[in-house]
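Good morning. I will take a few minutes to go through one structure, and I would like you to follow along on the screen.

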Amino acid sequence: SETPNIFGEDEVKLLRELAGDVSFALDHIDKTRRVDYIATHDQLTGLPNRALFLDRLMQTTTLAKNKGELLAVVLFDIKRFSYINDTFGRQAGDILLRKITDLFQKNVENSASLARIGPDIFAVIYTNFGHAAEVAKFTDSLREKVMADDFTVYEQAIHISVQAGIALFPSDGLDAETLFSNAEAALKRAKSQHGDITSFYTPNLNAKVAERLSLESRLHKALKRDEFILHYQPKVDLSTGHIIGLEALIRWQDPVNGLISPMHFIPTLEDTGLIIPVGYWVMQEAMHMSTTLREMSLPIAVNVSPEQLRENDFVHSVEEIISTTGKQHRFDIEITESVIMHNIDKNVKKLNELCKMGIELSIDDFGTGFSSLAYIARLPIAVIKIDRTFIQNLNSNDNLEIVKAIISLAHSMKLKVVAEGVETKKQAQQLRFLRCDQCQGYLFSKPVPADEIVRMLSSSSSISPKQITH
């Protein structure tokens with residue numbers, strides 16, 4: 001517009017149209033770049049997402065193949081991250097993830113090889129090494145730095161646990177897809193083990209993962225098809241021999257493999273979240289049995305998993321189950337001490353609400369966790385159950401003294417004591433001498449189906465005193 005004598009009107013009009021096209025093109029390019037970025041990056045951390053990570057892994061694998069070099073895919077899982085979200089809120093979880101991302105970026109040499117590929121999973125393409133031991137050293141060093149860091153969210157200190165899975169090129173896969181899949185298999189094995197570990201891929205892992213996926217599928221069907229059943233084990237008063245309660249123990253009546261012990265499927269129920277609906281089913285069944293045995297007024301104890309107690313509406317759900325059959329019948333709840341000690345303040349509040357409903361609370365497997373006496377004094381519990389490992393080795397002077405101390409401590413706090421796993425008369429006699437209140441175990445009865453326990457109780461509500469006193 002400043003030089004009208006150089007161009008005619010037609011030329012000026014054309015230039016203006018071209019300028020508009022260029023502006024539109026530049027704006028379109030900018031929007032396209034933004035869309036591409038959103039499609040390839042995690043919006044919370046800014047790290048590459050799964051799609052971009054796999055694309056870069058494909059490029060890196062091709063390059064390593066051409067150069068004859070090694071590379072590793074390392075996957076890091078932030079253990080029980082969902083629990084942090086449930087306890088402190090999703091915003092707190094987001095803050096924590098950003099802090100973990102910062103720590104990863106500071107300790108990964110090539111930040112472009114770092115990605116967030118899942119809600120609680122980070123991935124790294126590790127190169128420039130000569131032996132697998134170097135990968136393990138790098139992985140464990142990074143895990144330890146995360147676990148040693150003092151993460152604080154909303155003035156609350158949070159301890160992070162990390163597990164890792166590793167797959168190596170070319171031994172564990174010649175292409176990106178196979179390599180990544182095998183790293184996932186290694187991570188699944190690490191997550192299935194106790195503790196915080198690093199797991200390398202091995203050829204038989206895919207078979208194990210397939211077996212695990214098959215088990216998960218079968219458990220989903222088992223819940224829909226009512227294949228779970230309860231067995232009941234009596235609790236016996238050591239001073240009188242009377243049966244004073246029952247513990248409900250879940251079993252899986254698999255149509256193919258028959259009766260399956262809980263030790264083979266409970267961990268998978270917990271990992272998949274199926275323990276929530278299955279746990280509530282157990283409570284409902286225990287309530288029905290309580291109604292069946294209403295004339296005997298025998299309380300039935302059920303075990304509650306950490307995932308159940310963690311549910312925000314856990315107390316409300318228990319209240320609903322009780323209301324369906326009437327408050328005159330009840331089940332009691334057993335929780336391991338390690339579960340109670342985690343997030344103690346929140347759990348004490350929930351347990352107090354359960355007590356108001358008339359539910360008696362027991363600490364199960366006592367002596368195997370890390371609870372302090374100060375915390376135990378805060379808990380609204382009525383019963384301590386001594387772990388069976390102490391009872392099985394009661395002949396040992398050390399174990400005998402431990403059991404004696406637990407009973408003395410519990411009685412000083414006005415708590416009842418139950419000994420689990422009693423299998424011999426001598427054990428029962430020793431426990432009676434130590435003034436243990438109750439016991440359960442194969443000496444009196446193994447866990448039996450509902451109809452069998454009804455017949456047992458109908459014929460006699462007590463155990464022969466000779467089993468205890470002679």
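I will go through a sheet, a helix, some aromatic rings and some charged pairs. Please keep in mind that this is a predicted model.

Let us start with the sheet. It is an open sheet of 5 strands, in the order β2-β3-β1-β6-β7, and the pairing is mixed. Which strands stand at the edges? They are β2, residues 114-118, and β7, residues 198-200. Each has a single partner strand, so one side of each is left without a neighbour in the sheet. On average, neighbouring strands here are turned by 25 degrees against each other, direction ignored.

Look at the β2 end. To find your place, look for Ala-115, which stands opposite Ala-123 in β3. Helix α5, residues 132-148, packs on this sheet and touches β1, β3, β6 and β7. The direction of α5 makes about 160 degrees with that of β6.

Helix α4 covers residues 90-107, which is 18 residues. At 1.5 Å a residue it should span 26 Å, and its end C-alpha atoms are 26 Å apart, so the two agree. Several residues of α4 are buried, among them Leu-96, Leu-97, Ile-100 and Phe-104.

Now the aromatic rings. How many aromatic pairs does the structure hold? There are 9. In one of them, Tyr-126 and Phe-129, the ring centres are 5.5 Å apart and the planes are at 15 degrees. Planes under 30 degrees apart count as stacked, so this pair is stacked. Tyr-126 is buried at 18% relative accessible area, and Phe-129 is buried at 11%.

Another pair, Phe-228 and Trp-281, is tilted, with 6.5 Å centre to centre and 50 degrees between the planes. Phe-228 lies in strand β8 and Trp-281 in helix α9, so the pair ties together parts that are 53 residues apart in sequence. Phe-228 counts as buried at 5% relative accessibility, and Trp-281 is buried too, at 16%.

Last, the charged residues. Side chains of opposite charge can pair when their charged atoms come close. The count of salt bridges comes to 11. One of them joins Glu-184 and Arg-50, at 3.1 Å from N to O. Glu-184 sits in helix α6 and Arg-50 in helix α2, 134 residues apart. Are these two buried or partly exposed? Glu-184 is partly exposed at 26% relative accessibility, and Arg-50 is partly exposed at 35%.

Lys-385 has a salt bridge with Glu-247, where the closest N and O atoms are 3.0 Å apart. Lys-385 lies in strand β14 and Glu-247 in strand β9, so this pair ties together parts that are 138 residues apart in sequence. Both residues are buried. Lys-385 also meets Glu-420 in a salt bridge, at 3.5 Å from N to O. Glu-420 is in the loop between β15 and α17, so that pair ties together parts 35 residues apart in sequence. Glu-420 is buried, as is Lys-385. Salt bridges that share partners join Lys-235, Glu-247, Glu-334, Lys-385 and Glu-420 into one network.

That is the end of my part.

Note on methods
Residues are numbered from 1 along each chain as its sequence is written. This is a predicted model: local features need pLDDT of at least 70, side-chain atom pairs count only at pLDDT 80 or more; totals for chains, interfaces and linings use all residues. Side-chain values use heavy atoms; hydrogens and water are left out. Helices (H or I, at least four residues) and strands (E, at least two) are DSSP runs, numbered from the N terminus. The expected span of a helix is 1.5 Å times one less than its number of residues. Buried means under 20% relative accessible area, exposed over 50%, partly exposed in between (1.4 Å probe, protein chains only). Rings of Phe, Tyr and Trp (its six-membered ring) pair if their centres lie within 6.5 Å; planes under 30 degrees apart count as stacked, over 60 as edge-to-face and the rest as tilted. A salt bridge is a side-chain nitrogen of Lys or Arg within 4 Å of a carboxyl oxygen of Asp or Glu. Two strands pair if DSSP finds at least two bridges between them. Axes are lines fitted to C-alpha atoms, for helices over the stretch in contact, and angles run from 0 to 180 degrees between N-to-C directions. Contact means heavy atoms within 4.5 Å.
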